[in-house]
Amino acid sequence: MTTFKVVTQSTSPYIDQKPGTSGLRKKVTVFQQPNYLHNFVQATFNALSIEKVKGSTIVISGDGRYFSKDAVQIIIKLSAANGVRRVWIGQDGLLSTPAVSAVIRNRVGSDGEKAFGAFILTASHNPGGPHEDFGIKYNSENGGPALEGLTNKMYDLTKTIKEYLIAEDLPNVDISSIGTTSFQGPEGAFEVEVFDATEDYVNLLKTIFDFKAIKNLLARPDFSFCYDALHGVAGVYAKKIFIDELSADESSLLNCVPKEDFGGGHPDPNLTYAKELVARMGLSKAAPVSEPPEFGAAADGDADRNMILGKRFFVTPSDSVAIIAANAIGSIPYFNSGLKGVARSMPTSAALDVVAKNLNLKFFEVPTGWKFFGNLMDAGLCSVCGEESFGTGSDHIREKDGIWAVLAWLSILAHRNKNVSTDSKLVTVEDVVRQHWATYGRHFYTRYDYENVDADAAKELMAHLVNVQSSLPEVNKLIKQVRPDVADVEKADEFEYKDPVDGSISSHQGIRYLFQDGSRLVFRLSGTGSEGATIRLYIEQYQSDSTKIGTEAQDALAPLVKVALSLSKMQEFTGRSSPTVIT
C-alpha cells in the first residue's frame, strides 16, 4: 500500500474567488494560476470545519471540460491531506450534476458509508477549452448546492487564507478504470474509488418513470426522436438510457461523445447554440428539412439543463415546467400519489402559477438559484420546479435535471398516445402544448441576453431602472410615448424573497415592472458568466383569449420589447444595438 505525507504549504489569497449562483467560474488560465484551485478547495474544507471533513466520503467529478483531469488529481491530494477517508469519482472523472446529487443522496459504499458532499467540476453551459471556462462548486449532504451561509463563509476564508494542506507525494490515480486504490497516510487509510458514472443515476430514474411505456412509444413506427448532448457529459447517460435501456436507434443521438472543448461548440441548449438539432427538427430557415423527428431535446455541458422541441416547434422552458406539472399525475408513476407543491424562479413566466391555481397546488416564487428549490423540497413543500433558463426538475434530487425533463416529456407523450393506434394521428409535442394553452391560456415569453457587458455599465443600467421606479406616473408616461397600446405598470420593485423554511432574506434579486394586464418586464444581472456582466431581460405577455393564443410570439411581444429597450436605455448604457442571444 502506497504511503503519503501531509505537507503544509504557504500561499497568498486571491480576491476574486466569490462563488456565484452556481459556484466559482473563471477562465481556465485563471484556475491555472499558482494555488488558485488549491486555495478555493482548502477554504471550502475550512468552512466545513475539520470535524466534519475528517473521516468523510467526498465525491469529485464533473462534465469533463478542459482542466478537469488536472483538477481531480489536485483535489484528491488536498482531500487526503485534510483527513477525508474516501473519494468517489465517476469513471474518467465524469458525472453529470444531477447524477452527483443522486450519488450523494442514494449511493451506499461497501462499508455502509454515504457521501458527505461533492466538488463538481463544471462551468455548466459555458464553453470549454484551454482559453475558455472552468468552474467548481460544492454540493452539500442533501445533494444540493451549498447554501449562501456556507458560500459566504468560503469566500471570506479565501480572502485571508495563508496555507493549505496537501499530500504532494500521493501519486496520480488512474480514473479511467473502475476500481479502488488504497493509500496510507499519517491518520490512517485513504481510498479513491472509481465507479460507473451511470449506475446510481439510471437506477434512480427507473424508479420514477415507466421505462416500458417510454420504450413502447419509441418503438412506434410513427414516432421518431433526436437527442443532442452537445458533446457534454449527457452523452454518457444518453447511450445508457436511450440505447441500452429504451432500445432507441443510435442514429437518434447527436454529439454524444464528451469532449474537453465540447467539440468547439457552446454547450448551451437553446435555439442559438444547438444549431445541428435545431436544423434537424426543422426550425432552421437556412437548412429546411423535409421530415423532422417528432421529438427533439438537447442538454448543456453538465446535463442539468434541457431544451424540448417538437417537429418544427419550440417549447419554452416556462411552458415546459407548467406542462410537466399539469400532466405529472397519471403520466409519471413517481407522482401518482399527488404533487406536494410547485415552484418557479422569479424571472420564469407565470404559466406555472396558473396551473397551480387551477389544480389547487402550493405555489412558490423564488430567486434564481436551485438552492432555493432545495430548501422547499427538503421541507416537503415542492415536487416539481423550474427556471426559464432551461432548468427543470423534481424532488428526486436537489439539482435541475435535463435528462429527467426529457423522460418526463416522453412519459407525457407515451401516456397521451397509450390508446392511440398507429393507424391514427399521433398526439405530438405541439398538440400537447396547444391543448395546454387552450386550457390555461398562453404566456408569450422571450429572454434577451446581453453577454460580456462592461460591469460598470451594467450596474449603471440597473441603478437607472431602480431610480425610474420611484415614480410610476412618470414610468407610464414614458411607456405611452413609446407604445400607447401597452397597459400601465401597476407595480414596480426589486424582488425580495423570504425563505419560508429558514427565514433567510434574499434581496436585490431582479428589477420587476408588473403591468395591469398581467404582462411583466424583468431585468437581472446573471451570476453564471466567467467575465464581464450578463444582463438578462425577460419579457412576458399573458393571453387568455383562445382566439389570440395562436399569434406569432414575436408579434405578441413586439410592443413590450420596444418599451423595455426604451425604458432601460439599453443601447445608451451598454453600446449594444442587439442582444447576444434571444431565447
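Is Phe335 buried or exposed?

Modeller: Phe335 is buried, because its relative accessibility is 2%. Buried means under 20% relative accessible area, exposed means over 50%, and partly exposed lies in between, with a 1.4 Å probe and protein chains only. One caution first: this is a predicted model, where local features need pLDDT of at least 70, side-chain atom pairs count only at pLDDT 80 or more, and totals for chains, interfaces and linings use all residues. Residues are numbered from 1 along each chain as its sequence is written, and side-chain values use heavy atoms, with hydrogens and water left out.

Now the rings. A pair of aromatic rings is described by the distance of the centres and the angle of the planes. Rings of Phe, Tyr and Trp (its six-membered ring) pair if their centres lie within 6.5 Å; planes under 30 degrees apart count as stacked, over 60 as edge-to-face and the rest as tilted. By this rule the count comes to 18 aromatic pairs. Take Phe209 and Trp404: they form a tilted pair, 6.4 Å centre to centre, with 50° between the planes. Phe209 sits in the loop between helix H7 (199-208) and helix H8 (211-219), and Trp404 in helix H14 (residues 402-416), so this pair ties together parts that are 195 residues apart in sequence. Helices (H or I, at least four residues) and strands (E, at least two) are DSSP runs, numbered from the N terminus. Phe209 and Trp404 are both buried. Phe335 has Tyr334 as its partner: the pair is edge-to-face, at 5.0 Å centre to centre and 80° between the planes. Tyr334 counts as partly exposed, at 30% relative accessibility. One aromatic cluster is formed by Tyr14, Phe31, Tyr36, Phe67 and Phe134.

Charges also meet rings. A charge sits over a ring if NZ of Lys or CZ of Arg is within 6 Å of the ring centre and within 35 degrees of the ring normal. Arg107 lies over the face of Trp88, 5.2 Å from the ring centre.

Next, helix H5 (residues 97-106). Of its 10 residues, 8 are buried, so H5 is largely enclosed by the rest of the structure. Among the buried ones are Thr97, Pro98 and Ala99. At the start of H5, a side-chain oxygen of Ser96 reaches to within 3.0 Å of the backbone nitrogen of Ala99.

Then a sheet. Its 5 strands form an open sheet with mixed pairing, in the order E12-E11-E13-E14-E15. Two strands pair if DSSP finds at least two bridges between them. Strand E12 (253-254) and strand E15 (313-315) are the edges, and each pairs on one side only. Strand E13 (residues 295-299) and strand E14 (residues 306-310) run antiparallel, joined by 5 bridges. Gly296 has Leu309 in E14 as its bridge partner.

Last, the cysteines. A disulfide is a pair of cysteine sulfur atoms within 2.5 Å. The structure holds 0 disulfides. The sulfur of Cys256 is 8.6 Å from its closest cysteine sulfur, in Cys226, which is too far for a bond. For Cys382, the closest cysteine sulfur is in Cys385, 4.6 Å away, also too far for a bond. Cys256 is buried at 7% relative accessibility, and Cys382 is buried at 0%.

Technical notes. Polar contact = N/O pair within 3.5 Å; in protein donor to acceptor, adjacent residues only side chain to side chain.
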